[in-house]
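Colleague: I would like to learn how to read a structure of this kind step by step. Could we go through it together, beginning with the surface?

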Amino acid sequence: MLQQLRDGEIICEIGCGNGDVVAFLAEQYPHLKFVGVDFSIKNAEDKHKFNNLKFLKGYALELLERKTLLPNVIFTSSTSCLLNPKEFDAYIRMFKENTISHVVINEPMWGDFVFSNNYSDVKSYHLEGAVWKHNYGLYFKDHGYTEKKQKQSLLSILCLLEWILKLKLLTIF
């Protein structure tokens, strides 16, 4: 997917943490611009220095609403499961309103619930602590995304998993 983007297009990681994933991508794709967003970015800024990478401190939903953040592609890694249903729905509304071309959600998998449209109208349920289990397919469908775009997003997630495996951030048993 990233190879298909034009020079200068912007890819944003929501919830970038220490910035390792977005920095790895910035190093691999110097013709693209990358933005990492998190509530705390000092460690990420101190650790990663690339001309095509910047970090924004703040709440990504507010940055999207204010048009401070206008990426072409958005990805999250273990972030969307921390959003409650109302908040997650607001993010998708902003993705659609800001004409985000691709949304990549890389989350823990709990069976086949995460990417299936085969469940009734159950969109989310609370697990424990601050973690939610979302049926992402139903959310995106409710906002007018087509099945084709969902499949593209799933393929994009597999690519992101490949990058994470290269970074050795994910262990497979």
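Predicted model: local features only at pLDDT ≥ 70, side-chain atom pairs only at ≥ 80, totals over all residues.

Colleague: Is strand β1 largely enclosed or left open by the rest of the structure, and with which strands does β1 pair?

Modeller: The general idea is that in a regular strand the side chains alternate between the two faces of the sheet. In this model, strand β1 covers residues 10-14, and because 4 of its 5 residues are buried, β1 is largely enclosed by the rest of the structure. With strand β2 (residues 33-38), β1 pairs in the parallel sense over 5 bridges, and I10 stands opposite K33 in β2. Between these two strands the chain passes through helix α1 (residues 20-28), and this β-α-β crossover is right-handed. β1 also pairs with strand β4 (residues 73-77), again in the parallel sense, over 4 bridges, with E13 standing opposite F75 in β4.

Colleague: How should I read the cysteines, and how many disulfides does a search of the whole structure find?

Modeller: A disulfide is a covalent bond between the sulfur atoms of two cysteines. Here a search of the whole structure finds 0 disulfides. For C16, the closest cysteine sulfur is that of C12, and because the two sulfurs are 8.2 Å apart, they are too far from each other for a bond. C16 is buried, with a relative accessible area of 6%, and C81 is likewise buried, with a relative accessible area of 5%.

Colleague: Which residues touch the most other members of the largest nonpolar core, and which element gives the largest share of this core?

Modeller: In soluble globular proteins, nonpolar side chains tend to be buried together. The largest nonpolar core in this model has 26 residues, of which V37, L69, F88, Y91, F95 and F140 touch the most other members. At least two residues of this core come from each of β1, β2, α3, α4 (85-97), β5 (102-106) and α5 (136-142), and α4 gives the largest share, 6 residues. If we follow F95 and leave aside its neighbours within four places in sequence, F95 is in contact with I14, L64, I74, I100, V103 and Y145. Apart from this core lies another one, of 19 residues, which includes C16, V21, A26 and L32.

Colleague: As a last exercise, where is L61 found, and which residues does L61 touch beyond those up to four places away in sequence?

Modeller: L61 is found in helix α3 (residues 60-65), where L61 is buried, with a relative accessible area of 6%. Not counting residues up to four places away in sequence, L61 touches A90, Y91 and M94. Taking A90 as the example, L61 and A90 are 29 residues apart in sequence, while in space their C-alpha atoms are 7.7 Å apart.

Terms used: Residues numbered from 1 in each chain as written. Heavy atoms only, no water. Disulfide = S-S within 2.5 Å. Buried < 20%, exposed > 50% of the residue type's maximum accessible area, 1.4 Å probe, protein only. Pairing = 2+ DSSP bridges. Right-handed = clockwise from strand over helix to strand, strands pointing away. Contact = heavy atoms within 4.5 Å. Core = buried A, V, L, I, M, F, W, Y, C linked by side-chain atoms within 4.5 Å.
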